[in-house]
Amino acid sequence: MKIKKIEAEMAEIKTAAARHVSPLAPARFPDLPVIDGVEFASTSAGVKYQGRTDVTLMRLAPGSSLAGVFTRSATRAASVLDCQAKLAGAQNTERGAAIVVNSGNANAFTGALGQRAVDDVTGAVAKKLGVPAERVLSSSTGVIGEPLPAERITAVIDQLAGALDPAGVSGAAHAIMTTDTFAKGASAEIKGEGGTIRIAGFAKGSGMVAPDMATMLVYIFTDAKIAPELLQQMLAGLVDNTFNSITVDSDTSTSDALILAATGRSDAAPITNADSAAGRVFTESLASVMLDLAKQVVRDGEGATKFVEVRVTGAETAQDARLVASAIANSPLVKTAIAGEDANWGRIVMAVGKSGARADRDKLTIRFGDMVLARDGWRDPDYDETKASIYMKRQDLVISVDLGLGPVAQTMWTCDLTHRYIDINADYRS
C-alpha cells in the first residue's frame with residue numbers, strides 16, 4: 001500500500017509539472033461578486049490523487065430555487081440521474097440546499113454502487129447541514145467506470161462544513177478541474193426593480209466537450225427572487241445558443257451538468273415573468289454569463305492554440321444552419337488545418353458538403369475574417385493566399401459560410417486540434 005501511495009504521489013507531481021496553461025487563457029480568474037445566500041468550501045479528499053483539491057461543498061440559504069440541465073448521454077452518471085430525479089419534483093424552497101462536487105472520478109457506469117455512493121455523499125451532507133436529502137445535489141467528473149470512493153468524500157464533510165465561506169468561490173472553481181489548465185469564472189450585475197441583482201458562476205471543461213448539454217460542469221448563482229419553474233424555463237431557453245453551441249472534440253460526456261440557483265436575497269422585486277422588462281434584462285445578463293463561461297471552456301480545449309468562431313448564414317432552416325456549423329466545428333481535417341495555420345478553405349467546402357444540410361455549390365460564400373476566399377462555386381478572383389496565411393496565424397479566428405438559401409443563421413465556437421490533444425488523452429487513466 002505504501003508503494004502504491006508513493007507511486008500515486010509521484011504521478012501527481014509529474015502531472016503537475018507537465019501541466020501548462022492554455023495560451024488562450026485569460027490573465028487571471030476574475031473577481032466574482034459575493035452572492036448573498038451562497039457559501040463555498042473546498043479541500044483534498046484523495047479521490048484519485050493525494051494532495052489535490054478535489055472536493056467542493058456549496059451551501060444555499062433557505063428560500064433558494066434550483067434549476068438544472070444535464071447531459072443527454074444514454075450512459076449518464078449516477079449523480080446526473082440523481083439530480084434529474086430530484087429536480088423533477090416540486091421544490092420546498094423554505095429549506096436550505098447544497099451542492100457537492102468531486103473531481104478525479106466520474107462515478108459513471110458503476111451500476112448500483114454508483115447510486116449508493118451518491119446516496120452516501122448527499123446523505124452525509126444533508127445530515128451535517130441540516131437540509132433535506134432531496135435538496136442536496138451532487139456532481140462527479142473524471143475517470144469513467146471506476147467505483148467512487150465515497151468514504152473519502154464523507155470523511156471530509158465536517159471539515160468542509162466548518163470552512164464554508166461566501167468568498168470561497170475561487171477555491172471551488174479550482175477544485176472541480178480535471179484536465180483544465182485554468183479555472184473559469186464569469187459574472188454580471190444588473191439594476192432590478194428596487195435593488196441590484198448579481199449573477200456569478202464558474203465552470204470546468206476542457207475535453208469530451210460537444211454540443212448536447214451539458215458537456216462540462218457549470219454552477220451559476222444569483223441573488224434574484226425567481227421561482228423554480230421560471231428559473232428552469234429561463235435556463236432551458238438559453239442553453240442552445242451557449243453551452244450547446246461549443247465543441248472541442250465532438251464527444252459528449254456521461255457526467256456533466258449545469259446547475260443554476262437563485263437565493264432570493266436581493267432587495268430587487270421578484271421576477272415573475274420572463275417577458276417583463278426585469279425578466280428580459282435578467283435573461284440577457286444570464287445569457288452573457290453562460291456564453292462567457294462556454295467560450296472559456298473552448299479556450300481551454302485540450303491542446304488548443306486557436307479559438308475559432310464558426311458563423312453560418314443564409315441557411316434555409318435552423319436545422320441546416322446547425323448541421324453546417326457543427327460539421328465545420330467538429331471536422332478533424334478543418335481543425336488540424338487550423339492548428340497548422342493552413343488556409344485550406346477546401347476543407348470548409350468538404351464539411352459543408354458532408355453536413356447533410358441543403359447547400360448549393362454555386363451560392364456558397366466562404367470567408368476567413370473579412371477576406372472572401374470562395375464564392376459562386378469557385379475561388380474568389382481577388383483571393384490572396386499570402387494574406388489568408390497571415391490571418392491564420394492569429395489566435396482568434398472567424399470562419400464564415402453563407403449558404404445563400406434562406407434567412408437562418410447559427411454560430412458555434414470551437415478550437416484547433418493539436419498533437420497535445422493526443423498526448424493528454426492517450427494516457428488519461430495512467
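Biologist: What should I know before I start reading?

Modeller: The model is predicted, so to speak a computed one: local features need pLDDT of at least 70, side-chain atom pairs count only at pLDDT 80 or more, and totals for chains, interfaces and linings use all residues. Residues are numbered from 1 along each chain as its sequence is written, and side-chain values use heavy atoms, with hydrogens and water left out.

Biologist: Is Ser73 buried or exposed?

Modeller: Buried means under 20% relative accessible area, exposed over 50%, and partly exposed in between (1.4 Å probe, protein chains only). Ser73 has a relative accessible area of 10%, so Ser73 is buried.

Biologist: Which residues is Ser73 in contact with?

Modeller: Contact means heavy atoms within 4.5 Å. If you leave aside neighbours within four places in sequence, Ser73 is in contact with Ser253 and Thr254. A polar atom of the Ser73 side chain also lies 3.0 Å from the backbone nitrogen of Thr75.

Biologist: What about Ile199, and what does it touch?

Modeller: Ile199 lies in strand S7 (residues 195–204), and counts as buried because its relative accessibility is 0%. Not counting residues up to four places away in sequence, Ile199 touches several residues, including Pro33, Ala186, Phe221 and Leu286. Thr222 is 23 residues apart from Ile199 along the chain, yet their C-alpha atoms are separated by 4.3 Å.

Biologist: How do I read a salt bridge?

Modeller: Side chains of opposite charge can pair when their charged atoms come close. The cut-off here is a side-chain nitrogen of Lys or Arg within 4 Å of a carboxyl oxygen of Asp or Glu. A search of the whole structure finds 16 salt bridges. One of them joins Arg28 and Asp31 (3.2 Å, N to O), and both of those residues are exposed.

Biologist: Which parts does the Arg59 and Glu39 pair tie together?

Modeller: Their side chains meet in a salt bridge at 2.8 Å, N to O. Arg59 lies in strand S2 (residues 55–60) and Glu39 in strand S1 (residues 38–43), so the pair ties together parts that are 20 residues apart in sequence. Arg59 counts as partly exposed because its relative accessibility is 28%.

Biologist: Where do Lys306 and Glu341 come in?

Modeller: Their side chains form a salt bridge too (2.9 Å, N to O). Lys306 is in the loop between helix H8 (277–299) and strand S10 (307–315), and Glu341 is in the loop between helix H10 (332–339) and helix H11 (346–354), 35 residues apart. Lys306 counts as buried, at 3% relative accessibility, while Glu341 is partly exposed at 28%.

Biologist: Which residues are linked in a network of salt bridges?

Modeller: Look for Asp180, Lys184 and Asp300, which are linked in such a network.

Notes: A polar contact is a pair of N or O atoms within 3.5 Å; within protein, one must be able to donate a hydrogen and the other to accept it, and residues adjacent in sequence count only if both atoms are side-chain atoms. Helices (H or I, at least four residues) and strands (E, at least two) are DSSP runs, numbered from the N terminus.
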